[in-house]
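My notes follow, point by point.

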Amino acid sequence: MNTPAPLSNHAPSQAPGTLRHYCAMRLLPPVVLPPNVDPGRARVIMRTVSKWPNRTVLTYGFMDGPEPQKEAVRAAFAEWKALGLGISFAEVSPVQNAQIRIAFRPGGGSWSYIGTDCKTIHPSKPTMSFGWDLTTDYGHTTALHEIGHALGLPHEHQNPKGGIVWNEEAVYASLGGQPNNWDRTTTFNNILSKIKEDTVQGSQWDPDSVMHYAFDGGLIVNPPQYATGLTPAGGLSARDKAWVHSFYPEITADTVGTLSLFQTQLLALPSGGSASFDFVAPSSRRFTFQTLGLTDTELALSKDQGAQPPADLGSDDDSGDERNARLTVELQQGDRVRVQVRVRFVENTGEAALMVTTG
């Protein structure tokens, strides 16, 4: 019996024939929109379905694990953060308060839930787990890969625009053996199945993406240049960086608007675009935040807490519904609220708006 190598599959130096540990991405049932939603509208909505609102402070915490492994994960978060994204990260304790809860299970595989799917997992359960050493080059890219999932990135080798044709039985045989021991369903879901065209962002396949597995020879039939194997360069590719910036553009003082009571704020955004506003409660009472127009939007509110990460006040997503996103919260005078909006779909740019009222 072969002994699994304690490394990830995502390093450029991994030799052909090395036992490859693969990420077994955690999948929830797909989002189902109302049957009367126009297919074109549905396609646009689905491209952002797992993405966090821009300006989110994504919190993470550790359920267990030795300090060197935790430091490796922190370094991977820091590398994503250094890209200058509109989403940031903060480590919090206790771990039950974190949106991303990280476990270390040696020999148990590495995986993560996708984007906002993390919000549906019980606070006592992990949303991300690592099964091998992260202090190597392999391990660093593994940590980047799993954080990519938590940001909403799927597996790149499942991109339908890549045109990969598999030797399917060879793939099942390879993944069914050591060190992964996957059943056919897990292999299909993580390798052979194609991402729905509706959810694909961009037009190109990126074989060097941090979200791409490495594959030995004999598994890929087409493109023919990869019949002898495919090994990504390791780390974040140029397209990874461009992709994540498209959903999480950098937040600056110039890109945060001010929301005032009873004043309509036009959302001059295309489908998929996002905007962020600050609102300061002028009195202590209930306030209602809502979007307006023939549009599908996600609205999220959080309250500033100084040096601590903002406190989540709730979110509402009206995608596919003939209504507008709406949240009512109780605030104290002087409370500063972050208002985040992502336009899932709008027929014409500029046909959405945001407003806050009392009661």
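**Notes on the model**

1. Aspartate 317 is partly exposed, at 29% relative accessibility. The scale used throughout is relative accessible area: buried is under 20%, exposed is over 50%, and partly exposed lies in between (1.4 Å probe, protein chains only). The partner of aspartate 317 is arginine 344, and the two form a salt bridge with closest N and O atoms 3.1 Å apart. A salt bridge here is a side-chain nitrogen of Lys or Arg within 4 Å of a carboxyl oxygen of Asp or Glu. Arginine 344 sits in strand β17 and aspartate 317 in strand β15 (residues 308-317), so the bridge ties together parts 27 residues apart in sequence. Arginine 344 is buried, with a relative accessible area of 2%.

2. On provenance: this is a predicted model, in which local features need pLDDT of at least 70, side-chain atom pairs count only at pLDDT 80 or more, and totals for chains, interfaces and linings use all residues. Numbering starts from 1 along each chain as its sequence is written, and side-chain values use heavy atoms, with hydrogens and water left out.

3. Strand β17 has another bridge to check. Arginine 338 pairs with aspartate 304, with closest N and O atoms 2.9 Å apart. Arginine 338 lies in β17 (residues 336-346) and aspartate 304 in β14 (residues 295-305), so parts 34 residues apart in sequence are tied together. Arginine 338 is buried at 18%. Aspartate 304 is partly exposed at 28%. Helices (H or I, at least four residues) and strands (E, at least two) are DSSP runs, numbered from the N terminus.

4. Most residues other than glycine have a negative phi. Arginine 55 is in the loop between α1 (39-46) and β1 (57-62) and is buried at 12% relative accessibility. What does its side chain meet in a salt bridge? The side chain of aspartate 278, at 2.9 Å, N to O. Aspartate 278 belongs to strand β12 (residues 274-280), so the pair ties that strand to the α1-β1 loop, 223 residues apart in sequence. Aspartate 278 is buried too, at 17%.

5. Phenylalanine 262 also has a positive phi, about 65 degrees, and is not a glycine. Its place is the loop between β10 (256-258) and β11 (265-267). Phenylalanine 262 is partly exposed, at 48%.

6. Check the cis peptides. Most peptide bonds are trans. Serine 93 and proline 94 are joined by a cis bond, omega about 5 degrees. Proline 94 is in the loop between β2 (88-91) and β3 (100-104). The bond from glutamine 178 to proline 179 is cis as well, with omega near 5 degrees. Proline 179 is in the loop between α4 and α5.

7. Now those two helices. The axes of α4 (residues 168-176) and α5 (residues 184-192) come within 10 Å and cross at roughly 115 degrees. Axes are lines fitted to C-alpha atoms, for helices over the stretch in contact; angles run from 0 to 180 degrees between N-to-C directions. The contact (heavy atoms within 4.5 Å) involves, among others, Val171, Tyr172 and Leu175 of α4 and Phe188, Ile191 and Leu192 of α5.

8. For the overall tally, the structure holds 12 salt bridges.
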